Amino acid sequence: MQHEVYMKRCLELAKTGLPLAMPNPSVGAVLVYNSTIIGEGFTSPYGGNHAEVNAINAVKDKTLLCKSTLYVSLEPCSHYGKTPPCSDLVIHSKIPNVVIGTIDPHSKVAGKGVLKLVSAGITVVVGILEKECQEFNKRFFTFHTKKRPYVILKWAESLDGFLAPLTKNKKEPVWISNSISRQLVHKWRSEEQAILVGTNTVLEDNPKLNTRNWHGKNPTRIVIDRTLKLNSNYNCLDQSVNTIIITEKENLISTSKIIYETIIFDKNIIFNILKTLHKHNLQSVIVEGGLKTLQSFIDVNLWDEARVFKSNILFKTGINAPILLAINKESHTIINDELLIFKNDD
């Protein structure tokens, strides 16, 4: 029970590190001596110190380290990356006990950190709040275990189940959800590494796909444009944000802001797209495309979450919303919108 209390604190600390730690996992670490926390830390922005380093640095009396227990939500790394191995620092600090939430799925770690600690004579406990620790870093775990980014589907639909009317006067979105819901979407964008739309969404809505209504980093824009119908007049090709164009065309010249990726547009198109995003080290993607794009992810079961806004607007006719047969959901009320969040358990 004591282990769980301190591991919960590790998870609280880890929340502070997101989203700036990405593509690293955000980890929390706590040092305990005589039932008292003497140091805490979480993962610094990408390229900076890991949680264990920050926790050890926070301890004022370093003579207590050799009599302390380190709690950490993810296995200490054992390899050189942007920073030296955390397991080496733990050993050097003579910390005798380490309690770990879950093993790191990264192939360069994956138990090697634990082995190094145990080989140095440190007592190691693994698996405290393991599911909670894995869920917290679900993007990182999906990326390394499934070799693809964590996929979040997002759309808004009318009360009678339509994404949009059949016709409209301007090439811009027809807003279904309310302004608070739309601001929440921009917050979500700042928390993920990529956002994806299809050609028709760009042609019809000319979206910017940025975080203009929230303070945070813009995600990388992913645009499916099989035959290169789109030109630089569209907002998502204005070179203000890193953009990847998925196309079947070959031998295209990329720039610093726009990268062309050639894939095969066959029955494995969604798998091919996610493989490309994995190559670019993108651990999460929000799919905000139209019916065809969203349904394509659903039909091949390559999605992890679906976030659906249900408005009280009635269209009576229009473009149908995707068909999603999922029962594991939660519901939230945002003024006059209902937000349904589905989780894919497969």
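This is a predicted model: local features need pLDDT of at least 70, side-chain atom pairs count only at pLDDT 80 or more; totals for chains, interfaces and linings use all residues.
User: What radius of gyration does the protein have, and what would a compact globule lead us to expect?
Analyst: The C-alpha trace spans about 70 × 50 × 35 Å along its principal axes. For a compact globule with 346 residues the radius of gyration would be near 20 Å, and the value for the protein agrees with this, since it is 23 Å.

User: What share of the residues of the protein count as buried?
Analyst: The accessible surface of the protein comes to about 17000 Å², and 52% of that surface belongs to carbon and sulfur atoms. A residue counts as buried when its relative accessible area is under 20%. Among the 346 residues of the protein, the share that counts as buried is 51%.

User: How many disulfides does the structure hold?
Analyst: A disulfide is a covalent bond between the sulfur atoms of two cysteines, and here a pair of sulfur atoms must lie within 2.5 Å to be counted. The sulfur of Cys 77 is 3.8 Å from its closest cysteine sulfur, in Cys 86, which is too far for a bond, and the sulfur of Cys 133 is 7.5 Å from its closest one, in Cys 10, again too far. Cys 77 is buried at 7% relative accessibility, and Cys 133 is buried at 2%. The number of disulfides in the structure is zero.

User: Is Ser 73 buried or exposed?
Analyst: Ser 73 lies in strand E3, which covers residues 69-74. Leaving out residues up to four places away in sequence, Ser 73 touches several others, including Met 7, Leu 11, Val 27, Thr 102 and Cys 133. With a relative accessible area of 3%, Ser 73 is buried.

User: Which residues of helix H2 are buried?
Analyst: Helix H2 runs over residues 51-58 and is mostly covered, with six of its eight residues buried. The cover over these buried residues includes the strands E1, E2 and E3 as well as helix H3. The buried residues of H2 are Ala 51, Glu 52, Val 53, Asn 54, Ala 55 and Ile 56.

User: How far apart in space are Arg 148 and Leu 274?
Analyst: Arg 148 lies in the loop between helix H6 and strand E6, and with a relative accessible area of 8% Arg 148 is buried. Leaving aside neighbours within four places in sequence, Arg 148 is in contact with residues that include Phe 143, Leu 274, His 278 and Trp 303. Although Arg 148 and Leu 274 are 126 residues apart in sequence, their distance in space, C-alpha to C-alpha, is 5.6 Å.

User: Is Lys 267 buried or exposed?
Analyst: Lys 267 lies in the loop between strand E11 and helix H9. From C-alpha to C-alpha, Lys 267 is 9.4 Å from Val 300, while the two are 33 residues apart in sequence. A residue counts as exposed when its relative accessible area is over 50%, and at 75% Lys 267 is exposed.

Definitions and conventions:
Residues are numbered from 1 along each chain as its sequence is written. Side-chain values use heavy atoms; hydrogens and water are left out. Buried means under 20% relative accessible area, exposed over 50%, partly exposed in between (1.4 Å probe, protein chains only). The radius of gyration is taken over C-alpha atoms; the globule rule is 2.2 Å times the number of residues to the power 0.38. Accessible areas come from the Shrake-Rupley method with a 1.4 Å probe; for residues, only the protein chains shown count as cover. Helices (H or I, at least four residues) and strands (E, at least two) are DSSP runs, numbered from the N terminus. Contact means heavy atoms within 4.5 Å.
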